Amino acid sequence: MIRLRGIEKHYRLAKVSVPALRGVNLDVEKGEFLSVMGPSGSGKSTLMNIIGCLDQPTKGHYFLSGEDVATKKEDQLADIRNRRVGFVFQTYNLLGRLTALENVELPLIYRGVGTAARRQQALTALDAVGLSHRVRHKPQELSGGQQQRCAIARALAAEPSIILADEPTGNLDSRAGTEIMALFQQLHEQRITIMVVTHDENVAAHSGRIIRLLDGLVVEDAPVVGRVYAQDSLALLESEEGHKAHA
Ligand SMILES: Nc1ncnc2c1ncn2[C@@H]1O[C@H](COP(=O)(O)OP(=O)(O)OP(=O)(O)O)[C@@H](O)[C@H]1O
Ligand SMILES: [Mg+2]
């Protein structure tokens, strides 16, 4: 589904060119759940931006379901992005003046979905992330984990084929982070392709495959052995809390 060949990205800063990606080859099949790891500055976000059609490579080919994205113009790129990609960011990027429901509806407005259908799709997405009881809340009236789940609902509402998440658990405590990974694992079961950037090996252990970047190159690409299931971790936490409450 995703095929990168010789992808390079050089940022221009004043007169110098900063190489961020230096020839990345990568194949991701539909329905894969992949983690992207690597030190700060290794090119993870740059790679995600290119895969998500937010940015174009300087060199190389990017095929998304057979289409050569690297040759598209900006408006065509925006169209592919709106139809196919859902983004989730470390800082949630919700609009503070809008309710959870309105935040989730926003990308549907851009896609020209009518009022009633839009509301229905947004409510369905909020339900899928367990936020049905918080749809009228504004972001600052939600916990960090709830804000991130709202951001995931926003990404889901447009029914993307790929979810790209850049450090989605970076601002969350371990329990809220585990809840987010449980959600991603659930989406993965529905065959949505998911790519998660993380610095945390425990987070990556929830996925099926880990690629590691170093200085703009993929230096390792391996399946996860002994995958962690977030639902199991959450059940364990709950039973421990139950024991404490009875002690
Ligand atoms: N807009 C930009 N202009 C110039 N250089 C940039 C720009 N964005 C990123 N870079 C450079 O490209 C390289 C890769 O950056 P990138 O943001 O992809 O790294 P990263 O792996 O996501 O790091 P982090 O873990 O800190 O988020 C870095 O050297 C960075 O300084
Ligand atoms: Mg980054």
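I worked on a predicted model in which local features need pLDDT of at least 70 and side-chain atom pairs count only at pLDDT 80 or more, while totals for chains, interfaces and linings use all residues. Residues are numbered from 1 along each chain as its sequence is written, chains are lettered from A and ligands numbered from 1 in the order in which they are written, and side-chain values use heavy atoms, with hydrogens and water left out.

I took helices (H or I, at least four residues) and strands (E, at least two) as DSSP runs, numbered from the N terminus.

I looked up the order of the open sheet and found 4 strands as 2-1-4-5, with antiparallel pairing. Two strands pair if DSSP finds at least two bridges between them. Strand 2 (16–28) and strand 5 (67–68) are at the edges with a single partner strand each, so one side of each has no neighbour in the sheet. Strand 1 (residues 2–13) is paired with strand 4 (residues 59–64) in the antiparallel sense over 5 bridges. I noted one bridge there: Arg3 has Phe63 of strand 4 as its partner.

Helix 1 (residues 44–51) packs on this sheet and touches strand 1, strand 2 and strand 4. Its direction makes about 120 degrees with that of strand 1. Contact means heavy atoms within 4.5 Å. Axes are lines fitted to C-alpha atoms, for helices over the stretch in contact, and angles run from 0 to 180 degrees between N-to-C directions.

I then picked Thr46, which lies in helix 1. Thr46 has a relative accessible area of 10% and is therefore buried (buried is under 20% relative accessible area, exposed over 50%, partly exposed in between, with a 1.4 Å probe and protein chains only). Leaving out residues up to four places away in sequence, Thr46 touches Lys9, Tyr11, Ala20 and Leu21.

I found helix 5 (residues 144–157) packed against helix 6 (residues 174–189) at an angle of about 20 degrees, the axes being 9 Å apart. The two are therefore roughly parallel (under 35 degrees; over 145 is roughly antiparallel, 65 to 115 roughly perpendicular, the rest oblique). On the helix 5 side the contact is made by Gly145, Gln148, Arg149, Ile152 and Leu156, and on the helix 6 side by Ala176, Glu179, Ile180, Leu183, Phe184 and Leu187. By class I have 7 nonpolar, 2 polar and 2 charged residues (Ala, Val, Leu, Ile, Met, Phe, Trp, Tyr, Cys and Pro count as nonpolar, Asp, Glu, Lys and Arg as charged, the others, Gly among them, as polar).

The axes of helix 6 and helix 8 (residues 230–246) come within 8 Å and cross at roughly 140 degrees. This pair is therefore oblique. Among the residues that meet are Thr178 and Met181 in helix 6 and Leu234 and Leu237 in helix 8. The contact residues divide into 5 nonpolar, 4 polar and 4 charged.

Strand 9 (residues 209–214) and strand 10 (residues 217–223) pair in the antiparallel sense over 6 bridges. They form a hairpin with 2 residues between them, and Asp215 in the turn has a positive phi of about 45 degrees. Most residues other than glycine have a negative phi.

I also logged Tyr92, with phi near 65 degrees, in the loop between strand 6 (85–89) and helix 3 (100–110). Tyr92 is buried at 8% relative accessibility. Arg191 has phi near 70 degrees and is in the loop between helix 6 and strand 8 (193–197). Arg191 is partly exposed at 47%.
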